[in-house]
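Good morning, and thank you for coming. Please have the view open before you.

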Amino acid sequence: MSRIDVPGSSPLPPDPTLPEPGAPTLEPRVGPAGARRSSVSESSAAPPARNELRTYDGPPGAPPKPLPPGTAPGPAVSARELAALGGRTRAPSAPVPEDVYATLRSHLTRSLTNPFLTGGDVQAAHTALGTVPREAYRATLERMDREGLLATYVSRMDATSRQAFLEQAASNGVLLRRPGGVSGPLGLPGRPEVFTNDPKLPGALRDAVNAHATDTGRAAVVAHDAYLLRYGEAVARADSLRALRALGPPQALDLRETSLGLAWSDPQRERYESEWKAGLGRPQRSLVQAYEAVTARAQVLSGEKPAGAFLSAEASASHDLLHLKTEARASARGPVDVHAQAGVATKAGPLGLEVMTDAHGKVETQLQVDLSIASVSRDSEGKVELSLGAGPHARAHATLNPRTAEFGGGVSFAVSDKSGQHHAGLKLGYGLRGLTPERAAQAVRSDVPGLFSRPKDLDPGLTWDALPTERRALYERQGWTREEWAQDSRG
């Protein structure tokens with residue numbers, strides 16, 4: 001690279017060699033004619049003066065300022081060393097204890113007497129590092145890192161020994177902690193506590209810090225899965241919508257890359273973040289499943305059947321006009337529902353009529369048109385059923401109920417005695433249940449609060465009796481009562 005010299009000046013080397021400690025420095029003096037000369041002959045082989053930064057002692061010729069009691073003059077730092085330190089000087093460290101370092105080298109170096117490094121070597125190295133004075137601890141780790149011993153030490157650690165090593169380094173002032181979050185109800189784990197991964201740390205130590213962050217992150221994922229399991233169990237035990245609301249919505253785990261505290265300009269940021277993500281593992285449960293459990297339980301507590309798939313089985317028996325029927329339904333998002341009915345059934349040609357009453361006194365009717373091969377029926381609950389014969393004793397059927405948003409199908413089997421007065425039947429089916437028209441209309445209304453939302457009518461301080469009849473009926477379907485409304489309006 002070309003260099004521009006000032007006219008009349010002598011060329012200087014761009015990067016003079018730094019002198020060894022203790023070498024004589026040049027002391028400039030001014031001759032009679034104003035020419036600057038050196039006390040050392042120009043023809044001597046002495047190196048040029050070291051460009052040092054020292055504490056300002058006042059103008060030339062002023063007496064040196066006395067130092068405060070108990071202090072010593074700081075070390076001289078060259079411009080090149082200051083740049084390497086990032087513009088900040090570091091306090092002098094004590095020398096590395098050679099006897100301790102020899103012990104570390106013996107346990108972290110393979111030899112004929114120690115061909116395999118074991119957990120005992122890791123523990124012995126940890127014990128030896130614990131005897132290093134605090135002021136020499138960082139210098140010891142830096143020397144171990146330069147000679148490859150620290151990388152060997154870190155690679156042999158398990159999660160427990162890594163935690164102990166990083167705790168030791170933090171107690172000696174080498175590492176700083178990044179505080180985590182607090183735990184919540186039902187054992188919701190907080191953000192895990194990690195150590196600051198400073199780019200100025202030795203490389204192997206940074207690897208240990210990131211491995212520890214991965215360990216704590218993986219433990220947090222497992223703990224969050226356990227929290228979602230406990231939350232689902234609490235949802236299943238809720239005996240009212242008020243108790244369900246008291247649980248609050250399921251919470252997500254606060255675990256992001258920013259929790260590592262890596263600077264954007266850190267050259268190792270992408271590698272550490274990718275290793276951290278890959279080591280977290282996949283959660284077994286999700287917030288979506290938790291919300292589905294809440295929705296299903298809320299529908300059961302409000303007297304509705306939860307949406308989703310279901311299986312049904314119906315057994316029936318009749319003698320003359322007397323007819324008995326029992327139906328069981330099992331849903332993945334709700335309890336098994338058993339429904340028994342008794343009543344009379346009569347038939348006149350292709351027309352049939354059933355009038356059934358359940359244990360609660362509710363009456364249901366069903367009208368059927370039987371055309372031998374095919375039949376169509378409709379009951380008072382809105383269910384329409386179409387069945388086709390598949391032999392003398394079997395039929396296939398399809399059902400649709402717009403009121404309850406259910407549709408499905410299945411097969412049925414029936415047998416009769418020779419007189420035709422005794423009948424027995426078995427019907428097996430499956431189906432899907434969606435949102436009812438009323439529930440679908442509420443889902444798109446902005447004025448209908450969700451289960452965990454605070455009703456807007458509470459903010460103006462409206463009393464329960466002051467609510468419009470339609471709004472009060474809506475809140476009643478969501479489980480609100482006069483007492484709960486009055487309590488929340490005071491809060």
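Are Trp464 and Trp485 buried or exposed? Both Trp464 and Trp485 are buried, where buried means under 20% relative accessible area, exposed means over 50%, and partly exposed lies in between, with a 1.4 Å probe and protein chains only.

Before going further, a word on the source. This is a predicted model, in which local features need pLDDT of at least 70 and side-chain atom pairs count only at pLDDT 80 or more, while totals for chains, interfaces and linings use all residues. Residues are numbered from 1 along each chain as its sequence is written, and side-chain values use heavy atoms, with hydrogens and water left out.

Let me turn to the ring pairs. Rings of Phe, Tyr and Trp (for Trp, the six-membered ring) pair if their centres lie within 6.5 Å; planes under 30 degrees apart count as stacked, over 60 as edge-to-face, and the rest as tilted. Under this rule there are five aromatic pairs. In one of them, the ring centres of Tyr153 and Phe165 are 5.2 Å apart and the planes meet at 75°, so this pair is edge-to-face. Tyr153 belongs to helix H5 (residues 149-155) and Phe165 to helix H6 (residues 159-171), so the pair ties together parts that are 12 residues apart in sequence. Helices here (H or I, at least four residues) and strands (E, at least two) are DSSP runs, numbered from the N terminus. Tyr153 is buried, at 1% relative accessible area, and Phe165 is buried as well, at 0%.

Trp464 and Trp485 form an edge-to-face pair, with 5.7 Å from centre to centre and 65° between the planes. Trp464 is found in the loop between helix H11 (437-443) and helix H12 (469-477), whereas Trp485 is in helix H13 (residues 482-490), so the pair ties together parts that are 21 residues apart in sequence. Ring pairs also link Trp464 and Trp485 with Tyr475 and Trp480 into a cluster.

Which charged residue sits over the ring of Trp480? It is Arg245, whose charged end is 4.3 Å from the ring centre. The rule asks that NZ of Lys or CZ of Arg be within 6 Å of the ring centre and within 35 degrees of the ring normal. Arg143 likewise lies over the face of Tyr101, 4.0 Å from the ring centre. Arg143 is also linked with Glu98, Arg105 and Glu147 in a network of salt bridges.

That brings us to the salt bridges themselves. A salt bridge is a side-chain nitrogen of Lys or Arg within 4 Å of a carboxyl oxygen of Asp or Glu. The count comes to 22 salt bridges. One of them joins Arg162 and Asp215, with the closest N and O atoms 2.5 Å apart. This pair links distant parts of the chain, for Arg162 is in helix H6 and Asp215 in helix H7 (residues 203-237), 53 residues apart. Arg162 is buried, with a relative accessible area of 10%.

Others connect strands. Lys325 and Glu354 form a salt bridge in which the closest N and O atoms are 3.9 Å apart. Lys325 lies in strand E8 (residues 322-331) and Glu354 in strand E10, so parts 29 residues apart in sequence are tied together. Lys325 is buried at 14%, and Glu354 is buried at 17%. Lys347 and Asp370 also meet in a salt bridge, at 3.3 Å from N to O. Here Lys347 is in strand E9 (residues 334-348) and Asp370 in strand E11, 23 residues apart. Lys347 is exposed, at 55%, while Asp370 is partly exposed, at 23%.

Finally, consider how strands pair, which requires that DSSP find at least two bridges between them. Which strand does E7 join through 12 bridges? Strand E7 (residues 308-319) is joined to strand E16 (residues 422-433), and the two run antiparallel. Glu314 stands opposite Lys427 in E16. Strand E15 (residues 406-416) also pairs with E16 in the antiparallel sense, over 11 bridges. In that pairing, Gly409 stands opposite Tyr430 in E16.

Thank you for your attention.
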